[in-house]
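Subject: Handover of a structure, with notes on what was found

Dear colleague,

Please open it first and then go through the points in order.

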Amino acid sequence: MSLLDLAAVGRLRAEPVDWRYKGMPPDVSTVDGLIGRRVPVDGFTSPVAVLREPALRANLDTYARFCAGHGLDFAPHVKTTMAPQVAAAQARLGAWGFTVATVAQARVLRAFGARRILIGHAVVDPAAVRWLAAEQEHAEIACWVDSPSTVDILAGHDIPVYVELGAAGGRTGARGVAAAAEVVRAVRATPGPRFAGVSGYEGTYGRDRSPSSVSAVRAYLRDLVALARTVDAPVVTAGGSAYPDLVAEEFAELGAGVGKVLRSGAYVAHDHGHYAHLSPFPLQPALRVWATVIAVPEPGLALVNAGKRDVSFDLDLPVPLGVLRDGEPVPLTGVTVTALNDQHAYLHDPAGELRVGDWVEAGISHPCTTFDRWPALPLVDADGRVVDLIRTYF
């Protein structure tokens with residue numbers, strides 16, 4: 001049986017396109033009406049975000065090959081896109097399951113028939129625990145635990161759990177192998193919760209690809225492997241989009257008898273900033289945002305009508321990539337984004353190249369916090385023509 005209800009995903013094609021979706025042409029009401037239109041010049045309103053299909057496909061293929069070649073099961077982190085159509089593509093490429101961050105996100109996936117979900121957090125509020133327990137009849141949905149107190153909250157509920165390992169200065173997770181092993185013993189002694197494996201997230205312990213960061217990430221992963229051995233875990237899982245190669249190398253020490261699950265998410269779109277400097281793979285940035293120049297109020301300054309409501313800014317500011325004027329590309333040199341307001345971006349334009357009405361294409365840094373600003377994104381081919389519309393549910 002499929003990991004996802006592909007027919008339910010396919011029905012998104014029939015959903016209307018209307019005023020609820022920013023950037024869409026006002027004269028279009030269906031996805032079919034978008035097909036073949038060139039973004040941004042064929043009737044789209046500013047700003048508009050797009051996904052480049054060739055880059056998206058290449059990134060999905062890269063990870064599928066990597067996991068297959070290293071004996072890893074893949075449970076991609078869907079919090080990045082919250083796009084069932086992207087999850088369906090991952091399922092077709094052999095995903096083992098899906099990862100989410102919250103029960104709300106798990107409910108989205110269940111609405112599209114997802115059958116194996118990892119909630120990469122503890123679940124402790126009563127309504128969420130009840131939902132999680134009830135859903136076990138229809139799907140395998142696991143969550144993290146990192147203390148006996150968390151285990152106690154799940155007592156009496158038949159829920160698979162992964163004991164999360166943390167480290168001093170990190171996020172959640174039992175502080176050290178000994179503490180995590182105590183949590184495993186609590187799970188095994190508590191009626192209801194079922195021990196499914198051990199989990200962790202190595203990205204907290206590295207900032208870049210410097211020797212010190214790589215060393216810290218490896219040290220954490222080695223502790224996770226040691227925990228898996230200590231408690232005879234059937235499955236061990238880790239992995240973001242920054243250090244998947246290190247996860248694969250360290251997990252190889254466990255041999256074939258243990259399930260090894262990678263959970264990367266941001267890789268699907270990659271970026272022009274944070275992950276461009278961190279990923280070990282030749283991924284392609286797939287996510288772009290187009291906006292128009294609305295003012296050139298003084299020499300060296302231009303403003304476009306995209307801001308914090310449209311692009312991520314938590315790690316880096318957007319990166320201007322190109323300009324269209326009257327539908328044709330024009331040279332762009334030395335232009336940078338220096339600041340954002342809610343609906344404005346300030347562009348430093350030292351050569352005075354930008355004019356009111358120009359379309360500026362920008363790359364982003366950290367795709368997770370751009371996707372959540374767009375309930376629908378045109379999927380475009382290499383020529384910028386729409387081939388589908390990707391819906392998101394945040």
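What covers the buried residues of α4? Please bear in mind throughout that this is a predicted model. The cover over the buried residues of α4 includes α1 (6-10), α3 (53-69), β3 (98-100) and β19 (386-391). Helix α4 spans residues 84-92, and seven of its nine residues are buried, so this helix is largely enclosed by the rest of the structure. The buried ones are P84, Q85, V86, A87, A88, Q90 and A91. Just after α4, G94 takes a positive phi of about 100°.

The largest pocket holds about 750 Å³ of space, and its lining is made up of 38 residues, with H77, K79, R171, Y201 and T204 lying nearest its centre. Two or more residues of this lining come from each of β4 (116-122), β5 (140-145), β6 (160-166) and α11 (274-278). When the lining residues of the largest pocket are divided by class, 15 are nonpolar, 17 are polar and six are charged.

The second largest pocket has about 200 Å³ of space, and of the 14 residues that line it, V39, R52, W290, E361 and G384 are the closest to its centre. The elements that give two or more residues to the lining of the second largest pocket are β1 (48-52) and β13 (319-325), and the largest share, three residues, comes from β13. By class, this second lining has eight nonpolar, two polar and four charged residues.

Finally, the salt bridges, of which the count comes to 18.

In the pair formed by D158 and R194, the closest N and O atoms are 2.5 Å apart.

The salt bridge between E250 and R222 has its closest N and O atoms 3.2 Å apart. Because E250 lies in helix α10 (residues 244-251) and R222 in helix α9 (residues 211-230), this pair ties together parts that are 28 residues apart in sequence. Are the two partners buried or exposed? E250 counts as buried, at 6% relative accessibility, whereas R222, at 47%, counts as partly exposed. Both residues also belong to a network of salt bridges that links R218, R222, E249 and E250.

R309 lies in the loop between β12 (301-304) and β13, and D342 in the loop between β15 (336-340) and β16 (345-348), so the pair ties together parts that are 33 residues apart in sequence. At 41% relative accessibility, D342 counts as partly exposed.

With best regards

Note on methods: Residues are numbered from 1 along each chain as its sequence is written. This is a predicted model: local features need pLDDT of at least 70, side-chain atom pairs count only at pLDDT 80 or more; totals for chains, interfaces and linings use all residues. Side-chain values use heavy atoms; hydrogens and water are left out. On a 1 Å grid over the protein atoms alone, a cavity is a set of points where a 1.4 Å probe fits but cannot get out, and a pocket is an open set with protein on both sides within 12 Å along at least five of seven lines; lining residues have an atom within 4 Å of a point. Grid points are joined across faces, edges and corners, and a volume is the space filled by probe spheres set on the points. Helices (H or I, at least four residues) and strands (E, at least two) are DSSP runs, numbered from the N terminus. Ala, Val, Leu, Ile, Met, Phe, Trp, Tyr, Cys and Pro count as nonpolar, Asp, Glu, Lys and Arg as charged, and the others, Gly among them, as polar. A salt bridge is a side-chain nitrogen of Lys or Arg within 4 Å of a carboxyl oxygen of Asp or Glu. Buried means under 20% relative accessible area, exposed over 50%, partly exposed in between (1.4 Å probe, protein chains only). Contact means heavy atoms within 4.5 Å.
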